[in-house]
Amino acid sequence: MADGAISKLKQALNCDLTDYQSIPFWSWNNELDEAELVKQIEDMKSVGIGGFIMHARIGLKIEYLGEKWFSCIEACLKKARELHMNAWVYDENGWPSGFVGGKMLENEAWRAQFLRYEVRSELDPEAFCVYKETPAGYVRISSPEDSVKEYHCVYLGTSPANTDILNPEVVDEFIRQTHEEYYKRFPESFGRELVGFFTDEPQFYRYETPYTRAAVQPYFDLYGEDIRDGLIYLFLHDERGYSFRQRYYTLLNKLYAENFYKKLYDWCEAHNCKLTGHSISEDSLCGQMLGGAGVMSTYEYEHIPGIDKLGRDYTRDLAPKQIGSVASQLGFKQVLTETFACCGYDVTPKELKSVAECQYFNGVNLMCQHLFPYSLASQGKTDHPPVFSKHGNWWEGFKTFNDYFTRLGFLIANTEEVYDVLVVHPLREIYLEYTRAEDSLSVRDFEHEFKHFLLDLRNKGICYHLADETIMARHGRIEGDSLVIGNCKYNKVLLPNMRSISADTYKLLKEFSGQLYMAGSPTMIDGVNAEIDLASNITMEEICAETHVKFSCEDELSGITARRSELGDYLFIKNYSRNLDSHVHMEGVAEHYRALDLDTMTLHNISNDMVIEKCGGLVLVRDENAKDETPVEIREDITGNFKVTDVTENYFVIDQASLSYDGVNYGETLPIQRLFEDLLRADYRGPLYMKHRFVLADLVPMKILMEKEKYTSITVNGRSVSLSDSDFDVFFVEGDISDLLVIGENEIVYSLDYYQHKGVHFALFDPMATESLRNCLYYDTNVEQLYLYGDFVVDSDHVIRKREGLPALSSSNYQNGYPFFKGSVTLEGSYFYDGEKKCVISLEKGRFLMAELFINGKKTELVLDSKKDITQYLQKGENEIRILLKSSLRNLFGPYHWKETPEPVRLSPRYFTFRGTWNGGIAPEFTPEYQSVPFGVDAIEMIRS
């Protein structure tokens with residue numbers, strides 16, 4: 001049977017899997033201590049993490065690339081060598097890569113440039129280029145003309161916050177100041193514990209129409225023309241400019257791939273290390289115009305090409321399809337994803353698993369979790385959560401999660417993708433109409449059409465690769481009736497509805513004698529009208545009839561991919577929806593494949609007509625003993641058998657305060673976010689006093705938790721507070737304040753000498769400052785919320801009362817006394833087992849991160865799913881069951897005040913701070929109401945089959 005396949009896989013997995021284990025972004029975001037760094041590495045190792053990416057990040061308070069920095073790097077490399085872990089260096093302070101934390105901005109010649117456009121009634125001699133319109137097109141002029149009524153002026157701007165990473169001199173200097181400094185100090189570590197460098201979102205100036213001095217001579221060399229003659233067309237929808245647009249953006253993409261990525265790749269090659277990382281906005285055609293006018297051509301110049309995935313929604317698979325295609329074509333064994341940023345604190349492991357499977361099933365096989373923070377203090381707690389450190393409340397289950405994706409990554413990396421067709425990637429169609437001012441609106445119709453073209457293939461079960469026209473030109477050839485790109489051979493090619501294709505693509509397709517399907521009829525070659533002699537010789541129906549797997553999904557939620565190797569033949573089915581179950585139909589699959597549970601390494605039969613639950617996915621392996629089988633399930637509600645028997649300490653968040661500059665005269669009570677914004681805008685320096693108030697209905701034992709700061713005093717009701725280091729975080733302190741409390745209103749007052757260094761105000765509020773500066777920003781002093789915790793409940797009017805009983809068995813306790821809760825709730829009950837049938841306990845009707853189950857004293861966990869087969873733990877007769885539910889950090893850290901929804905599925909620091917949006921004391925997206933989210937379960941079911 002496929003016992004053979006399973007035994008092969010198990011045997012293959014019984015090896016050193018370090019290279020397949022995750023390498024999270026390790027956010028170095030505060031003052032750093034070598035001993036604490038080493039301790040955190042040991043923590044990572046203990047939960048199945050194989051390495052780390054040392055990432056200078058927002059909040060870093062030591063000099064980037066200074067002696068302390070390299071002392072910390074040295075300690076981590078030493079520990080990585082000791083523990084046999086893979087250490088990677090993030091090549092920048094913040095992101096995007098390429099400006100050495102701002103140091104390279106000191107040379108104006110290295111700064112990024114951009115273009116702006118205006119129509120004027122007079123010729124502006126200050127303009128970079130001026131044009132007049134003629135019947136044949138726009139002509140560049142240098143002096144006024146009597147007949148011209150409109151002068152089309154293009155202006156050249158220079159960014160104070162970004163470097164020109166298309167300029168080879170800039171990239172050489174970036175390498176000299178960054179990579180060379182590491183090699184100078186740690187040459188013996190390269191290619192050993194220091195595996196390589198991660199480069200992050202390199203980009204030309206994406207906030208306006210991009211321009212670079214580096215394109216001027218190459219453009220002239222290629223076309224014998226002055227690049228300035230056509231710049232006007234970058235702002236217009238004008239067919240007369242299509243040819244220039246094709247040339248311009250194709251050249252910028254070439255410079256992006258070769259002057260940035262290839263230079264880093266070549267340096268790494270020469271220094272025995274690897275390059276990984278990713279570009280910006282890979283998941284749409286329009287988005288790729290923001291960084292380098294395309295991403296697929298860059299993958300050739302990475303040892304481990306990478307993508308990223310932001311947020312917990314996943315309806316498209318374009319990004320992993322693009323990189324998975326190039327990886328197959330060019331023979332890359334490993335493909336990385338930086339994933340989970342912006343999902344929020346409340347995202348569950350089940351949802352995270354789904355987000356990752358959407359990528360892994362399409363060719364990704366190495367995980368970089370975003371984010372493992374050194375500390376959650378200051379900006380650490382708002383930095384695009386979730387977090388994957390001990391701060392998170394599911395650390396005990398994190399190894400289960402990591403081990404699952406280590407196995408899946410190994411399986412993907414050691415199999416090859418099976419495909420039916422090749423789809424020509426239509427990015428250059430976007431070149432024809434894209435304008436930065438309109439952004440996605442300028443190409444919305446084509447983006448929508450292509451999205452549905454690929455969705456139709458997915459729904460029909462057509463497995464495909466994408467062909468980037470640059471990759472195809474470099475590595476494509478015709479062999480017999482096949483179009484070959486690198487390692488992959490295709491006898492069916494699909495051309496989307498593109499008006500223009502490149503001359504190289506046209507040449508290959510003209511020579512191609514295989515099967516060609518054209519969704520439209522191109523009329524241009526490289527943006528120039530031409531006679532194109534191509535025609536379809538196969539229909540979509542015929543393509544469907546010849547797919548290697550018969551699969552369909554009418555609800556458009558699920559897709560299928562396939563891989564094969566000596567480890568066996570595998571199919572992967574994925575429901576891309578977070579909220580809806582999906583119905584799929586297959587023919588002849590259930591008779592030949594069984595579902596493999598990579599967590600338990602067990603097999604079970606499936607049906608050809610299946611419901612894939614929301615967030616669900618299946619790994620199927622060919623098995624000669626498979627049979628079409630639909631289990632009969634009986635659901636039994638056993639909620640009444642259980643009750644809550646324990647709850648950990650409750651929390652109360654104080655995120656409002658009044659401010660004083662003299663300790664006597666205080667202003668009105670306002671949100672902390674607003675007060676901090678006012679201080680930052682005013683660039684205030686001097687003494688500061690913050691008064692926080694809270695109300696007690698009962699005297700309750702209570703502790704205060706707050707962030708470390710250079711306080712000059714801290715009092716509760718006028719009496720000093722004694723604080724010590726907290727186990728929660730290296731930059732948090734806490735203390736018992738029980739004896740300082742009174743019934744009624746209580747006051748916490750702290751004072752400090754407030755100041756910020758001079759770069760803060762510019763980075764936050766200057767209109768020319770971009771995220772590059774904000775992403776490496778730190779605050780010298782902070783104004784932050786406070787936390788109280790103890791055995792209490794919180795009324796709807798935010799009065800704290802003594803807890804008299806236990807919370808209900810419900811997910812709605814956030815509305816009934818626990819709006820800021822972080823911790824766990826224990827449920828206890830029993831279940832009578834008759835000794836027959838499989839029993840699966842289900843906590844699907846609820847919201848929690850993980851659950852620890854104790855069945856007759858034996859422990860198991862719910863991590864990757866909200867259901868668990870517990871048959872092996874049951875005994876005939878009565879069984880004692882204890883369930884420990886663990887909450888997220890969401891209700892403790894927020895965001896609490898985002899007006900639109902309590903639970904955004906893609907968030908950023910702005911959702912917490914509203915930074916930059918406060919105007920006249922109001923932020924449009926801020927609500928004073930506290931928005932918490934559910935935690936707990938509303939029902940417990942036993943599913944017998």
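**Figure 1. Strand β30 and its partners, with the hairpin turn at Met601.** In the hairpin that joins β30 to β31, four residues lie between the strands, and Met601 takes a positive phi near 60 degrees. The model shown is a predicted one, in which local features need pLDDT of at least 70, side-chain atom pairs count only at pLDDT 80 or more, and totals for chains, interfaces and linings use all residues. Residues are numbered from 1 along each chain as its sequence is written, and side-chain values use heavy atoms, with hydrogens and water left out. Strands (E, at least two residues) and helices (H or I, at least four residues) are DSSP runs numbered from the N terminus, and two strands are said to pair if DSSP finds at least two bridges between them. Strand β30 (residues 593-597) pairs with strand β31 (residues 602-604) in the antiparallel sense over three bridges, and with strand β33 (residues 617-622), also antiparallel, over three bridges. Ala595 has Leu620 as its bridge partner in β33 and stands opposite His604 in β31. Because four of its five residues are buried, β30 is largely enclosed by the rest of the structure; here buried means under 20% relative accessible area, exposed over 50%, and partly exposed in between, with a 1.4 Å probe and protein chains only.

**Figure 2. The aromatic pair of Phe652 and Phe820.** Rings of Phe, Tyr and Trp (its six-membered ring) pair if their centres lie within 6.5 Å, and planes under 30 degrees apart count as stacked, over 60 as edge-to-face and the rest as tilted. A search of the whole structure on these terms finds 71 aromatic pairs.

**Figure 3. A ring cluster and two charges over rings.** Ring pairs link Phe340, Tyr360, Phe372, Phe388, Trp394, Trp395, Phe398, Phe401, Tyr404 and Phe405 into a cluster. A charge is taken to sit over a ring if NZ of Lys or CZ of Arg is within 6 Å of the ring centre and within 35 degrees of the ring normal. The charged end of Arg185 sits in this way over the ring of Phe70, 3.9 Å from its centre, and that of Arg915 sits over the ring of Phe676, 5.2 Å from its centre.

**Figure 4. The open sheet β34-β57-β50-β54.** Four strands make up this open sheet, in the order β34-β57-β50-β54 and with antiparallel pairing. At its edges stand β34 (634-637) and β54 (867-869), each with a single partner strand, so one side of each is left without a neighbour in the sheet. Strand β50 (residues 839-842) is joined to strand β57 (residues 941-944) by four bridges, and the two run antiparallel; the bridge partner of Ser842 in β57 is Glu941.

**Figure 5. The open sheet β22-β24-β25.** Three strands form this sheet in the order β22-β24-β25, and their pairing is mixed. The edges are held by β22 (500-501) and β25 (528-529), each of which has a single partner strand, so one side of each is left without a neighbour in the sheet. Two bridges join strand β24 (residues 524-525) to β25, and these strands run antiparallel, with Asn529 in β25 as the bridge partner of Met524.

**Figure 6. The largest cavity and its lining.** A cavity is a set of points, on a 1 Å grid over the protein atoms alone, where a 1.4 Å probe fits but cannot get out, and its lining residues have an atom within 4 Å of a point. Grid points are joined across faces, edges and corners, and a volume is the space filled by probe spheres set on the points. A search of the whole structure finds eleven cavities of 30 Å³ or more, and the largest cavity has a volume of about 130 Å³. This largest cavity is lined by 17 residues, of which Ser810, Asn813, Val825, Phe935 and Gly936 lie nearest its centre. The elements that give two or more residues to its lining are β35 (642-647), β49 and β56 (936-937).

How values were computed: 1 Å grid on protein atoms, 1.4 Å probe; cavity = no way out; pocket = protein on both sides within 12 Å on 5 of 7 lines; lining within 4 Å.
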